[in-house]
Amino acid sequence: MRTSPLEALLALNARYASCIDDDRLEDWPEFFTDDCVYRITTAENHEQGLPASVIYARSKGMLRDRVSALREASVYERQRYRHVVGVPLVDPPPAQDDAGVIDAVTPFIVLRIMRDGATAIFASGRYVDRIDPNGQVPRFVQRIVVCDSCSFDTLLALPL
Amino acid sequence: MRTSPLEALLALNARYASCIDDDRLEDWPEFFTDDCVYRITTAENHEQGLPASVIYARSKGMLRDRVSALREASVYERQRYRHVVGVPLVDPPPAQDDAGVIDAVTPFIVLRIMRDGATAIFASGRYVDRIDPNGQVPRFVQRIVVCDSCSFDTLLALPL
Amino acid sequence: MRTSPLEALLALNARYASCIDDDRLEDWPEFFTDDCVYRITTAENHEQGLPASVIYARSKGMLRDRVSALREASVYERQRYRHVVGVPLVDPPPAQDDAGVIDAVTPFIVLRIMRDGATAIFASGRYVDRIDPNGQVPRFVQRIVVCDSCSFDTLLALPL
(Lines give C-alpha, C1' and ligand atoms only; values in the text may rest on other atoms or scores of the structure.)
Protein backbone atom coordinates (compact mmCIF):
# COMPACT_ATOMS: atom_id res chain seq x y z
CA MET A 1 0.00 0.00 0.00
CA ARG A 2 1.42 3.34 -1.03
CA THR A 3 1.59 6.01 1.66
CA SER A 4 -0.72 8.95 1.04
CA PRO A 5 0.76 12.47 0.73
CA LEU A 6 -0.80 13.48 4.07
CA GLU A 7 0.60 10.40 5.81
CA ALA A 8 4.03 11.18 4.41
CA LEU A 9 3.85 14.67 5.95
CA LEU A 10 2.58 13.33 9.28
CA ALA A 11 5.46 10.87 9.39
CA LEU A 12 7.98 13.57 8.44
CA ASN A 13 6.83 15.79 11.29
CA ALA A 14 6.82 12.87 13.73
CA ARG A 15 10.43 12.07 12.86
CA TYR A 16 11.40 15.75 13.08
CA ALA A 17 9.84 16.21 16.53
CA SER A 18 11.32 12.98 17.81
CA CYS A 19 14.77 14.04 16.65
CA ILE A 20 14.64 17.20 18.77
CA ASP A 21 12.82 15.75 21.77
CA ASP A 22 15.23 12.80 21.91
CA ASP A 23 18.12 15.28 21.83
CA ARG A 24 19.55 13.89 18.61
CA LEU A 25 20.27 17.41 17.37
CA GLU A 26 23.15 16.29 15.13
CA ASP A 27 20.54 14.57 12.94
CA TRP A 28 18.33 17.65 12.75
CA PRO A 29 20.02 19.38 9.75
CA GLU A 30 19.36 16.24 7.69
CA PHE A 31 15.68 17.13 7.57
CA PHE A 32 16.58 20.03 5.28
CA THR A 33 17.80 20.37 1.73
CA ASP A 34 21.30 21.77 1.21
CA ASP A 35 19.92 25.14 0.16
CA CYS A 36 17.20 25.70 2.69
CA VAL A 37 15.61 28.43 4.72
CA TYR A 38 15.04 27.89 8.43
CA ARG A 39 13.69 30.80 10.41
CA ILE A 40 12.12 31.31 13.81
CA THR A 41 10.03 34.45 13.90
CA THR A 42 6.93 35.87 15.57
CA ALA A 43 3.40 35.98 14.22
CA GLU A 44 3.53 39.78 14.34
CA ASN A 45 6.71 40.00 12.30
CA HIS A 46 5.50 37.37 9.88
CA GLU A 47 2.19 39.13 9.26
CA GLN A 48 3.91 42.45 8.69
CA GLY A 49 6.45 40.87 6.36
CA LEU A 50 9.34 41.91 8.58
CA PRO A 51 12.57 39.99 8.07
CA ALA A 52 13.47 40.06 11.78
CA SER A 53 14.09 36.57 13.04
CA VAL A 54 15.30 34.93 16.20
CA ILE A 55 17.07 32.40 14.06
CA TYR A 56 17.75 32.69 10.35
CA ALA A 57 19.69 30.00 8.54
CA ARG A 58 20.03 29.75 4.77
CA SER A 59 21.82 26.43 4.35
CA LYS A 60 22.23 23.06 5.92
CA GLY A 61 25.74 24.10 6.90
CA MET A 62 24.39 26.96 8.99
CA LEU A 63 22.08 24.53 10.75
CA ARG A 64 25.06 22.31 11.56
CA ASP A 65 26.95 25.31 12.92
CA ARG A 66 24.00 26.10 15.15
CA VAL A 67 23.94 22.62 16.60
CA SER A 68 27.67 22.81 17.29
CA ALA A 69 27.19 26.12 19.07
CA LEU A 70 24.34 24.72 21.11
CA ARG A 71 26.42 21.73 22.15
CA GLU A 72 29.25 23.98 23.27
CA ALA A 73 26.97 26.30 25.18
CA SER A 74 24.90 23.50 26.66
CA VAL A 75 22.31 26.07 27.58
CA TYR A 76 19.41 23.70 27.46
CA GLU A 77 20.85 20.47 28.80
CA ARG A 78 18.85 20.63 31.98
CA GLN A 79 15.48 20.54 30.27
CA ARG A 80 13.48 18.21 28.14
CA TYR A 81 11.16 19.26 25.37
CA ARG A 82 8.03 17.66 24.02
CA HIS A 83 6.55 18.61 20.68
CA VAL A 84 2.95 17.99 19.82
CA VAL A 85 2.48 18.60 16.12
CA GLY A 86 -0.92 18.94 14.49
CA VAL A 87 -2.21 17.97 11.09
CA PRO A 88 -0.63 19.75 8.11
CA LEU A 89 -2.96 22.03 6.24
CA VAL A 90 -2.23 21.40 2.59
CA ASP A 91 -4.60 23.68 0.77
CA PRO A 92 -5.56 23.35 -1.97
CA PRO A 93 -4.60 19.70 -2.18
CA PRO A 94 -2.35 18.48 -3.60
CA ALA A 95 -0.80 21.96 -3.53
CA GLN A 96 2.12 21.04 -5.69
CA ASP A 97 3.78 23.45 -8.05
CA ASP A 98 5.41 22.26 -11.24
CA ALA A 99 8.45 20.98 -9.43
CA GLY A 100 6.30 18.89 -7.13
CA VAL A 101 7.11 20.99 -4.08
CA ILE A 102 4.45 20.85 -1.34
CA ASP A 103 3.36 23.89 0.71
CA ALA A 104 1.92 23.12 4.13
CA VAL A 105 1.07 24.97 7.32
CA THR A 106 1.14 22.92 10.50
CA PRO A 107 0.31 23.93 14.09
CA PHE A 108 2.55 22.91 16.95
CA ILE A 109 3.06 23.31 20.66
CA VAL A 110 6.23 22.59 22.57
CA LEU A 111 6.34 21.82 26.28
CA ARG A 112 9.44 22.30 28.40
CA ILE A 113 10.03 19.95 31.29
CA MET A 114 12.47 21.19 33.90
CA ARG A 115 14.62 18.77 35.85
CA ASP A 116 12.52 19.36 38.95
CA GLY A 117 9.53 18.04 37.00
CA ALA A 118 7.77 21.35 36.41
CA THR A 119 6.23 21.44 32.95
CA ALA A 120 5.21 24.55 31.06
CA ILE A 121 4.17 25.57 27.59
CA PHE A 122 7.40 26.67 25.95
CA ALA A 123 6.15 27.73 22.54
CA SER A 124 3.19 27.47 20.23
CA GLY A 125 2.64 28.47 16.66
CA ARG A 126 2.70 27.13 13.17
CA TYR A 127 5.24 25.80 10.74
CA VAL A 128 5.08 27.42 7.31
CA ASP A 129 6.75 24.76 5.23
CA ARG A 130 7.89 24.07 1.72
CA ILE A 131 8.76 20.42 1.29
CA ASP A 132 10.58 18.59 -1.47
CA PRO A 133 9.04 15.12 -1.63
CA ASN A 134 11.27 13.97 -4.49
CA GLY A 135 14.03 12.22 -2.63
CA GLN A 136 14.55 9.04 -0.69
CA VAL A 137 12.96 10.93 2.19
CA PRO A 138 11.07 14.24 1.99
CA ARG A 139 13.07 17.28 3.10
CA PHE A 140 12.30 20.86 4.05
CA VAL A 141 13.23 23.44 1.44
CA GLN A 142 11.80 25.98 3.87
CA ARG A 143 10.58 25.78 7.45
CA ILE A 144 9.50 29.08 8.96
CA VAL A 145 8.60 28.66 12.61
CA VAL A 146 5.99 31.33 13.31
CA CYS A 147 5.62 31.58 17.08
CA ASP A 148 2.42 32.89 18.60
CA SER A 149 4.15 34.59 21.46
CA CYS A 150 6.19 37.72 21.00
CA SER A 151 8.24 37.36 24.17
CA PHE A 152 11.00 34.95 23.37
CA ASP A 153 12.70 33.04 26.05
CA THR A 154 16.44 33.42 25.94
CA LEU A 155 16.72 29.67 25.51
CA LEU A 156 14.79 29.80 22.29
CA ALA A 157 17.97 29.16 20.35
CA LEU A 158 16.85 25.54 20.56
CA PRO A 159 15.50 24.24 17.25
CA LEU A 160 11.74 24.21 17.22
CA MET B 1 -5.19 8.64 -4.94
CA ARG B 2 -8.50 9.10 -3.21
CA THR B 3 -8.45 10.61 0.26
CA SER B 4 -9.50 8.22 3.01
CA PRO B 5 -12.50 9.12 5.22
CA LEU B 6 -10.20 9.67 8.21
CA GLU B 7 -7.91 11.92 6.22
CA ALA B 8 -10.88 13.95 5.06
CA LEU B 9 -11.88 14.52 8.71
CA LEU B 10 -8.32 15.39 9.74
CA ALA B 11 -8.14 17.94 6.94
CA LEU B 12 -11.55 19.38 7.83
CA ASN B 13 -10.48 19.94 11.43
CA ALA B 14 -7.15 21.40 10.35
CA ARG B 15 -8.94 23.95 8.15
CA TYR B 16 -11.45 24.71 10.92
CA ALA B 17 -8.76 25.34 13.52
CA SER B 18 -6.69 27.42 11.13
CA CYS B 19 -9.70 29.58 10.34
CA ILE B 20 -10.15 30.53 14.00
CA ASP B 21 -6.48 30.77 14.93
CA ASP B 22 -5.75 32.96 11.90
CA ASP B 23 -8.64 35.22 12.96
CA ARG B 24 -10.60 34.64 9.74
CA LEU B 25 -13.84 34.39 11.70
CA GLU B 26 -15.97 35.55 8.79
CA ASP B 27 -15.16 32.23 7.08
CA TRP B 28 -16.07 30.17 10.14
CA PRO B 29 -19.84 29.80 9.48
CA GLU B 30 -19.00 28.24 6.11
CA PHE B 31 -17.88 25.09 7.90
CA PHE B 32 -21.52 24.43 8.78
CA THR B 33 -24.62 23.44 6.85
CA ASP B 34 -27.45 25.98 6.62
CA ASP B 35 -29.48 24.11 9.23
CA CYS B 36 -26.89 23.27 11.79
CA VAL B 37 -26.43 22.98 15.51
CA TYR B 38 -23.44 24.61 17.16
CA ARG B 39 -23.23 24.48 20.92
CA ILE B 40 -20.59 25.05 23.55
CA THR B 41 -21.41 23.26 26.77
CA THR B 42 -19.72 21.58 29.70
CA ALA B 43 -19.00 17.90 30.18
CA GLU B 44 -21.24 17.91 33.25
CA ASN B 45 -24.18 19.39 31.40
CA HIS B 46 -23.61 17.13 28.42
CA GLU B 47 -23.52 13.97 30.54
CA GLN B 48 -26.68 14.93 32.37
CA GLY B 49 -28.45 15.79 29.15
CA LEU B 50 -28.97 19.38 30.24
CA PRO B 51 -29.70 21.86 27.46
CA ALA B 52 -27.77 24.67 29.15
CA SER B 53 -25.16 26.04 26.78
CA VAL B 54 -22.70 28.87 26.72
CA ILE B 55 -23.40 29.25 23.04
CA TYR B 56 -26.31 27.73 21.17
CA ALA B 57 -26.81 28.42 17.48
CA ARG B 58 -29.27 26.60 15.25
CA SER B 59 -28.41 27.98 11.82
CA LYS B 60 -25.57 29.34 9.79
CA GLY B 61 -27.23 32.76 10.06
CA MET B 62 -26.92 32.70 13.84
CA LEU B 63 -23.24 31.87 13.48
CA ARG B 64 -22.79 34.87 11.20
CA ASP B 65 -24.57 37.08 13.73
CA ARG B 66 -22.22 35.86 16.41
CA VAL B 67 -19.17 36.76 14.37
CA SER B 68 -20.59 40.23 13.74
CA ALA B 69 -21.18 40.71 17.46
CA LEU B 70 -17.66 39.55 18.23
CA ARG B 71 -16.20 41.98 15.73
CA GLU B 72 -18.15 44.86 17.23
CA ALA B 73 -17.21 43.94 20.78
CA SER B 74 -13.59 43.19 19.91
CA VAL B 75 -13.31 41.43 23.22
CA TYR B 76 -10.61 39.07 22.17
CA GLU B 77 -8.49 41.15 19.84
CA ARG B 78 -5.59 41.29 22.23
CA GLN B 79 -5.09 37.55 22.32
CA ARG B 80 -4.14 34.77 19.97
CA TYR B 81 -5.45 31.27 20.11
CA ARG B 82 -3.89 27.98 19.10
CA HIS B 83 -5.93 24.85 18.60
CA VAL B 84 -4.44 21.40 18.77
CA VAL B 85 -6.98 18.92 17.51
CA GLY B 86 -6.64 15.19 17.98
CA VAL B 87 -7.66 12.25 15.86
CA PRO B 88 -11.40 11.81 15.27
CA LEU B 89 -12.87 8.75 16.86
CA VAL B 90 -15.23 7.33 14.26
CA ASP B 91 -16.64 4.26 15.89
CA PRO B 92 -17.79 1.94 14.54
CA PRO B 93 -16.21 2.77 11.21
CA PRO B 94 -17.50 3.88 8.83
CA ALA B 95 -20.25 5.04 11.19
CA GLN B 96 -22.46 6.28 8.44
CA ASP B 97 -26.21 6.28 8.60
CA ASP B 98 -28.34 5.87 5.51
CA ALA B 99 -27.82 9.46 4.47
CA GLY B 100 -24.07 9.02 4.65
CA VAL B 101 -23.70 11.32 7.66
CA ILE B 102 -20.61 10.67 9.76
CA ASP B 103 -20.56 10.80 13.57
CA ALA B 104 -17.21 11.55 15.15
CA VAL B 105 -15.83 12.56 18.53
CA THR B 106 -12.57 14.48 18.49
CA PRO B 107 -10.45 15.76 21.40
CA PHE B 108 -9.04 19.26 21.36
CA ILE B 109 -7.11 21.74 23.42
CA VAL B 110 -6.93 25.48 22.85
CA LEU B 111 -4.13 27.68 24.11
CA ARG B 112 -4.48 31.41 24.62
CA ILE B 113 -1.48 33.62 24.04
CA MET B 114 -1.68 37.05 25.64
CA ARG B 115 0.02 40.02 24.04
CA ASP B 116 2.67 40.00 26.75
CA GLY B 117 3.61 36.50 25.62
CA ALA B 118 2.07 34.56 28.50
CA THR B 119 0.49 31.35 27.26
CA ALA B 120 -2.12 29.32 29.10
CA ILE B 121 -4.49 26.47 28.45
CA PHE B 122 -7.73 28.18 27.51
CA ALA B 123 -9.98 25.18 26.99
CA SER B 124 -9.93 21.44 26.49
CA GLY B 125 -12.59 18.95 25.64
CA ARG B 126 -14.08 17.08 22.75
CA TYR B 127 -16.05 17.88 19.66
CA VAL B 128 -19.18 15.76 19.26
CA ASP B 129 -19.74 16.08 15.55
CA ARG B 130 -22.13 15.08 12.84
CA ILE B 131 -20.66 15.71 9.42
CA ASP B 132 -22.22 15.74 5.99
CA PRO B 133 -19.54 14.54 3.59
CA ASN B 134 -21.78 14.83 0.53
CA GLY B 135 -20.81 18.23 -0.77
CA GLN B 136 -17.91 19.88 -2.48
CA VAL B 137 -16.42 20.09 1.00
CA PRO B 138 -17.62 18.27 4.14
CA ARG B 139 -19.65 20.42 6.52
CA PHE B 140 -20.80 20.17 10.12
CA VAL B 141 -24.47 19.37 10.57
CA GLN B 142 -23.72 19.45 14.29
CA ARG B 143 -20.70 20.45 16.34
CA ILE B 144 -21.18 20.27 20.10
CA VAL B 145 -18.13 21.58 21.89
CA VAL B 146 -18.05 19.72 25.19
CA CYS B 147 -15.57 21.53 27.43
CA ASP B 148 -13.85 19.69 30.25
CA SER B 149 -13.79 22.68 32.51
CA CYS B 150 -16.92 24.06 34.10
CA SER B 151 -15.54 27.51 34.86
CA PHE B 152 -15.98 29.43 31.69
CA ASP B 153 -13.94 32.46 30.99
CA THR B 154 -16.04 35.45 30.03
CA LEU B 155 -14.17 35.55 26.75
CA LEU B 156 -15.45 32.13 25.82
CA ALA B 157 -17.82 33.66 23.33
CA LEU B 158 -14.98 32.99 20.91
CA PRO B 159 -15.74 30.08 18.60
CA LEU B 160 -13.97 26.94 19.72
CA MET C 1 -11.03 1.27 1.01
CA ARG C 2 -8.66 -0.57 3.32
CA THR C 3 -7.36 1.34 6.30
CA SER C 4 -3.65 2.10 6.13
CA PRO C 5 -1.34 0.81 8.89
CA LEU C 6 -0.81 4.38 10.17
CA GLU C 7 -4.53 5.07 10.25
CA ALA C 8 -5.08 1.87 12.21
CA LEU C 9 -2.58 3.06 14.83
CA LEU C 10 -4.11 6.55 14.96
CA ALA C 11 -7.54 5.02 15.52
CA LEU C 12 -6.20 2.63 18.17
CA ASN C 13 -4.69 5.51 20.15
CA ALA C 14 -7.86 7.59 19.74
CA ARG C 15 -9.95 4.78 21.21
CA TYR C 16 -7.43 4.22 24.01
CA ALA C 17 -7.38 7.89 25.01
CA SER C 18 -11.14 8.17 24.83
CA CYS C 19 -11.54 5.13 27.07
CA ILE C 20 -9.51 6.76 29.84
CA ASP C 21 -10.77 10.32 29.38
CA ASP C 22 -14.39 9.13 29.38
CA ASP C 23 -13.69 7.22 32.60
CA ARG C 24 -14.51 3.83 31.08
CA LEU C 25 -11.56 2.27 32.88
CA GLU C 26 -13.14 -1.18 32.96
CA ASP C 27 -12.65 -1.32 29.17
CA TRP C 28 -9.02 -0.26 29.37
CA PRO C 29 -7.46 -3.75 29.90
CA GLU C 30 -9.09 -4.87 26.66
CA PHE C 31 -6.59 -2.80 24.72
CA PHE C 32 -3.91 -5.30 25.74
CA THR C 33 -3.10 -8.90 24.90
CA ASP C 34 -3.44 -11.46 27.69
CA ASP C 35 0.32 -11.61 28.15
CA CYS C 36 1.29 -7.98 28.00
CA VAL C 37 3.66 -5.52 29.55
CA TYR C 38 2.34 -2.19 30.78
CA ARG C 39 4.77 0.09 32.56
CA ILE C 40 4.88 3.71 33.58
CA THR C 41 8.43 4.91 34.02
CA THR C 42 10.54 8.03 33.65
CA ALA C 43 12.70 9.07 30.75
CA GLU C 44 15.74 8.94 33.02
CA ASN C 45 15.05 5.39 34.17
CA HIS C 46 14.20 4.30 30.65
CA GLU C 47 17.41 5.71 29.18
CA GLN C 48 19.53 4.08 31.86
CA GLY C 49 17.74 0.76 31.43
CA LEU C 50 16.55 0.76 35.03
CA PRO C 51 13.61 -1.49 35.80
CA ALA C 52 12.10 0.95 38.33
CA SER C 53 8.53 1.71 37.41
CA VAL C 54 5.64 3.60 38.90
CA ILE C 55 3.36 0.93 37.51
CA TYR C 56 4.43 -2.47 36.22
CA ALA C 57 1.86 -4.97 35.03
CA ARG C 58 2.66 -8.18 33.17
CA SER C 59 -0.79 -9.45 32.26
CA LYS C 60 -4.27 -8.29 31.44
CA GLY C 61 -5.36 -9.66 34.81
CA MET C 62 -3.00 -7.29 36.62
CA LEU C 63 -4.47 -4.40 34.66
CA ARG C 64 -7.96 -5.44 35.75
CA ASP C 65 -6.80 -5.60 39.36
CA ARG C 66 -5.44 -2.09 39.05
CA VAL C 67 -8.73 -0.76 37.79
CA SER C 68 -10.54 -2.43 40.67
CA ALA C 69 -8.15 -0.87 43.15
CA LEU C 70 -8.61 2.53 41.55
CA ARG C 71 -12.37 2.23 41.75
CA GLU C 72 -12.20 1.33 45.43
CA ALA C 73 -9.80 4.13 46.24
CA SER C 74 -11.64 6.67 44.09
CA VAL C 75 -8.58 8.84 44.29
CA TYR C 76 -9.12 10.58 41.03
CA GLU C 77 -12.87 10.96 40.84
CA ARG C 78 -12.73 14.69 41.30
CA GLN C 79 -10.71 15.32 38.18
CA ARG C 80 -11.01 14.92 34.47
CA TYR C 81 -8.21 14.06 32.13
CA ARG C 82 -7.63 14.93 28.52
CA HIS C 83 -5.11 13.09 26.37
CA VAL C 84 -3.66 14.57 23.24
CA VAL C 85 -1.79 11.86 21.39
CA GLY C 86 0.57 12.57 18.53
CA VAL C 87 1.43 10.67 15.40
CA PRO C 88 3.07 7.26 15.89
CA LEU C 89 6.63 7.06 14.70
CA VAL C 90 6.90 3.73 12.95
CA ASP C 91 10.44 3.60 11.76
CA PRO C 92 11.49 2.01 9.54
CA PRO C 93 8.09 1.42 8.01
CA PRO C 94 6.46 -1.00 8.05
CA ALA C 95 8.57 -2.01 11.05
CA GLN C 96 7.11 -5.45 11.29
CA ASP C 97 9.02 -8.44 12.48
CA ASP C 98 8.26 -11.94 11.24
CA ALA C 99 5.21 -12.24 13.44
CA GLY C 100 3.81 -9.02 12.06
CA VAL C 101 4.23 -7.16 15.33
CA ILE C 102 4.52 -3.39 14.94
CA ASP C 103 6.90 -1.22 16.99
CA ALA C 104 5.88 2.40 17.39
CA VAL C 105 6.84 5.39 19.52
CA THR C 106 4.13 7.97 20.05
CA PRO C 107 4.26 11.30 21.92
CA PHE C 108 1.48 12.31 24.28
CA ILE C 109 0.42 14.95 26.72
CA VAL C 110 -2.27 14.62 29.36
CA LEU C 111 -4.08 17.56 30.91
CA ARG C 112 -5.81 17.38 34.28
CA ILE C 113 -8.92 19.44 34.83
CA MET C 114 -9.85 20.03 38.45
CA ARG C 115 -13.46 20.41 39.49
CA ASP C 116 -12.94 24.12 40.05
CA GLY C 117 -12.01 24.40 36.37
CA ALA C 118 -8.28 24.84 36.78
CA THR C 119 -6.41 22.98 34.06
CA ALA C 120 -2.77 21.94 34.17
CA ILE C 121 -0.37 19.75 32.28
CA PHE C 122 -0.48 16.46 34.16
CA ALA C 123 2.03 14.43 32.20
CA SER C 124 3.92 14.35 28.93
CA GLY C 125 6.09 11.78 27.30
CA ARG C 126 6.06 9.00 24.79
CA TYR C 127 4.50 5.60 24.45
CA VAL C 128 6.99 2.88 23.49
CA ASP C 129 4.63 0.33 22.01
CA ARG C 130 4.61 -3.13 20.54
CA ILE C 131 1.32 -3.86 18.85
CA ASP C 132 -0.19 -7.08 17.58
CA PRO C 133 -2.31 -6.14 14.56
CA ASN C 134 -3.44 -9.71 13.89
CA GLY C 135 -6.75 -9.80 15.66
CA GLN C 136 -10.21 -8.41 15.21
CA VAL C 137 -8.78 -5.24 16.73
CA PRO C 138 -5.09 -4.42 17.24
CA ARG C 139 -3.86 -4.84 20.81
CA PHE C 140 -0.83 -3.76 22.80
CA VAL C 141 1.67 -6.51 23.52
CA GLN C 142 3.69 -3.83 25.27
CA ARG C 143 3.00 -0.22 26.21
CA ILE C 144 5.77 1.48 28.13
CA VAL C 145 4.71 4.98 29.19
CA VAL C 146 7.93 6.98 29.36
CA CYS C 147 7.14 10.21 31.20
CA ASP C 148 9.26 13.29 30.65
CA SER C 149 8.89 14.49 34.19
CA CYS C 150 10.59 12.76 37.06
CA SER C 151 8.36 14.13 39.80
CA PHE C 152 5.36 11.90 39.85
CA ASP C 153 2.13 13.07 41.28
CA THR C 154 0.74 10.67 43.83
CA LEU C 155 -2.33 10.33 41.64
CA LEU C 156 -0.28 8.93 38.82
CA ALA C 157 -1.70 5.50 39.49
CA LEU C 158 -4.22 6.52 36.87
CA PRO C 159 -3.63 4.75 33.56
CA LEU C 160 -1.84 6.97 31.09
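Predicted model: local features only at pLDDT ≥ 70, side-chain atom pairs only at ≥ 80, totals over all residues.
**Exercise 1. The fold of chain A**

Of the 160 residues of chain A, what percentage count as buried?

*Solution.* Residues are numbered from 1 along each chain as its sequence is written, chains are lettered from A and ligands numbered from 1 in the order in which they are written, and side-chain values use heavy atoms, with hydrogens and water left out.

Step 1. Apply the burial cut-offs: buried is under 20% relative accessible area, exposed is over 50%, and partly exposed lies in between (1.4 Å probe, protein chains only). By this rule 53% of the 160 residues of chain A count as buried.

Step 2. Assign the elements as DSSP runs, numbered from the N terminus: helices are H or I with at least four residues, strands are E with at least two.

Step 3. Look at sequence separation, with contact meaning heavy atoms within 4.5 Å. Among contacts in chain A between residues at least 6 apart in sequence, 59% join residues at least 24 apart.

Step 4. Pick out one loop residue. Asn134(A) sits in the loop between β5 (119-132) and β6 (139-147) of chain A and, at 55% relative accessibility, is exposed. Its C-alpha atom is separated by 7.5 Å from that of Gly100(A), 34 residues apart along the chain.

**Exercise 2. The core of chain B**

Find which residues have the most contacts inside the largest nonpolar core.

Step 1. Trace the core back to the elements. Those of chain B that each supply at least two residues include α1 (5-21), α3 (60-73) and β6 (139-147). The most, six residues, come from α1(B). As background, nonpolar side chains in soluble globular proteins tend to be buried together.

Step 2. Zoom in on Trp28(B). Leaving out residues up to four places away in sequence, Trp28(B) touches Tyr16(B), Cys19(B), Ile20(B), Tyr38(B), Leu63(B), Val67(B) and Pro159(B).

**Exercise 3. Chain B against chain C**

Describe the interface of chain B and chain C by area, charge and composition.

*Solution.* Step 1. Count residues: 24 of chain B are in contact with 20 of chain C.

Step 1. Take the buried area, the accessible area (1.4 Å probe) that two parts lose on being put together, summed over both. Chains B and C bury about 1,800 Å² between them, 64% of it on carbon and sulfur atoms. Leu89(B), Ile121(B) and Asp148(B) supply 28% of the area that chain B buries against chain C, more than any other three residues.

Step 2. Search for salt bridges (a side-chain nitrogen of Lys or Arg within 4 Å of a carboxyl oxygen of Asp or Glu). There are three between these chains; Arg80(C) and Glu47(B) meet in a salt bridge at 3.1 Å, N to O.

Step 3. Locate the surface of chain B that touches chain C. Elements giving two or more residues are α1, α2 (43-47), β4 and β5 of chain B, and β5(B) has the largest share, four residues.

Step 4. Sort by type: Ala, Val, Leu, Ile, Met, Phe, Trp, Tyr, Cys and Pro are nonpolar, Asp, Glu, Lys and Arg charged, and the others, Gly among them, polar. This side of chain B divides into eleven nonpolar, six polar and seven charged residues.

**Exercise 4. Chain A against chain C**

Is Ser149(C) buried or exposed?

*Solution.* Step 1. Ser149(C) lies in the segment after β6 (139-147) of chain C and is buried, at 14% relative accessibility.

Step 1. A polar atom of the Ser149(C) side chain lies 3.1 Å from the backbone oxygen of Gly117(A).

Step 2. For the whole interface, 20 residues of chain A are in contact with 24 of chain C. One of the salt bridges joins Glu44(C) and Arg115(A), at 2.9 Å, N to O.

How values were computed:
Core = buried A, V, L, I, M, F, W, Y, C linked by side-chain atoms within 4.5 Å. Polar contact = N/O pair within 3.5 Å; in protein donor to acceptor, adjacent residues only side chain to side chain.
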